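User: I have a chain open and want to talk through how it is put together. Can you take my questions as they come?
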Amino acid sequence: MTQNNDLCPKCGAPLSEITETPTGRRLQRCTKGSWNPQTHKTEGCDYVKWLEIEPQQLDEKCPKCGAPLVLQVTRFGKKMKKCSAGSWDKETKKVIGCDYVEWINGTTENLDEKCPKCGENLVLFTTTNGKKMKKCSTSGWDREAKKATGCDYILWLKADQVSSDNGEEYLPPEEF
Ligand SMILES: [Zn+2]
Ligand SMILES: [Zn+2]
Ligand SMILES: [Zn+2]
């Protein structure tokens, strides 16, 4: 962990260590402020510094031009693979270079729980917009027949069952 000497622009106190939100975004809070999970409010100084998420280089090549792909996380926690030979021109609002982008649709995590329908393992599926469900690991999608295969057990988790206590949803919007 690298030591940071950043000071809070609001009150001058040092900033805390970098913490990561459940969606993979990184931020630093003012050490004079702390999140109270009971009141869902920040106590003390409410300054939050959002850190840029650096694209991660992947061991994959762009199918269009052969340049390496990078994994990028948007500010809403969506993930995509994009071509490192492309970049976004803010002025013309156009992609310069290669425009290959592949959105990654959600993530699955193995759970230590059994499906109540068939007894196979359950997985935790997180959609691209952060909704979570438990589903059976035998389930799948038949692209050709366009129908679900395997066991159809699904349990959507309510927001309050999955929300973490760091109050990410109550944080002020990112500043640019
Ligand atoms: Zn502060
Ligand atoms: Zn490319
Ligand atoms: Zn099942």
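User: Which residue in strand 11 is the bridge partner of Met80?
Analyst: Trp103 is the partner of Met80 in strand 11. Strands here are DSSP runs of E, at least two residues long, and helices are runs of H or I, at least four long, all numbered from the N terminus. This is a predicted model, in which local features need pLDDT of at least 70, side-chain atom pairs count only at pLDDT 80 or more, and totals for chains, interfaces and linings use all residues. Residues are numbered from 1 along each chain as its sequence is written, while chains are lettered from A and ligands numbered from 1 in the order in which they are written.

User: How many bridges join strand 8 to strand 11, and what is the sense?
Analyst: Four bridges, and the two strands run antiparallel. Strand 11 covers residues 101–104. Another facing pair there is Lys81 opposite Glu102. Two strands are taken to pair if DSSP finds at least two bridges between them.

User: And which way does strand 8 pair with strand 7?
Analyst: Also antiparallel, over five bridges, with strand 7 at residues 68–73 and strand 8 at residues 79–83. Leu69 stands opposite Cys83 of strand 8.

User: What is the strand order of that sheet?
Analyst: The order is 6-7-8-11, an open sheet of four strands with antiparallel pairing. Its edges are strand 6 (56–61) and strand 11, each of which pairs on one side only. From one strand to the next the twist averages 30°, using axes fitted as lines to C-alpha atoms (for helices over the stretch in contact) and angles from 0 to 180 degrees between N-to-C directions.

User: What does Lys79 touch?
Analyst: Lys79 is in strand 8. Setting aside residues up to four places away in sequence, Lys79 touches Leu71, Val73 and Ile104. A contact means that two C-beta atoms, placed from the backbone, lie within 7 Å. Lys79 and Ile104 are 25 residues apart in sequence, yet their C-alpha atoms are 5.5 Å apart.

User: Why does Lys79 count as partly exposed?
Analyst: Because Lys79 has 19 C-beta neighbours inside 10 Å. The cut-offs are 20 or more other C-beta atoms within 10 Å for buried and 12 or fewer for exposed, with partly exposed in between.

User: Where is Val123, and what is in contact with it?
Analyst: Val123 sits in strand 13, residues 121–126. Val123 is partly exposed because 19 other C-beta atoms lie within 10 Å. Beyond residues up to four places away in sequence, Val123 touches Thr108, Glu109, Asn110, Leu111, Lys135 and Ser137.

User: Changing topic. Which residues make up the largest nonpolar core?
Analyst: Five residues: Cys8, Leu15, Cys30, Tyr47 and Val48. Such a core is a set of buried Ala, Val, Leu, Ile, Met, Phe, Trp, Tyr and Cys residues joined through C-beta atoms within 7 Å. Tyr47 is in contact with Cys8, Pro9, Lys10, Cys30 and Gly33, leaving aside neighbours within four places in sequence. Over the chain of 176 residues, 10% are buried.

User: Last one: where is confidence lowest and highest?
Analyst: Lowest in helix 1 (residues 159–162), at a mean of 56, and highest in strand 17 (residues 154–156), at 91. The score is pLDDT, the predictor's confidence in each residue from 0 to 100. Over residues 162–169 the pLDDT is below 50. The chain mean is 81, and 82% of its residues reach 70 or more.
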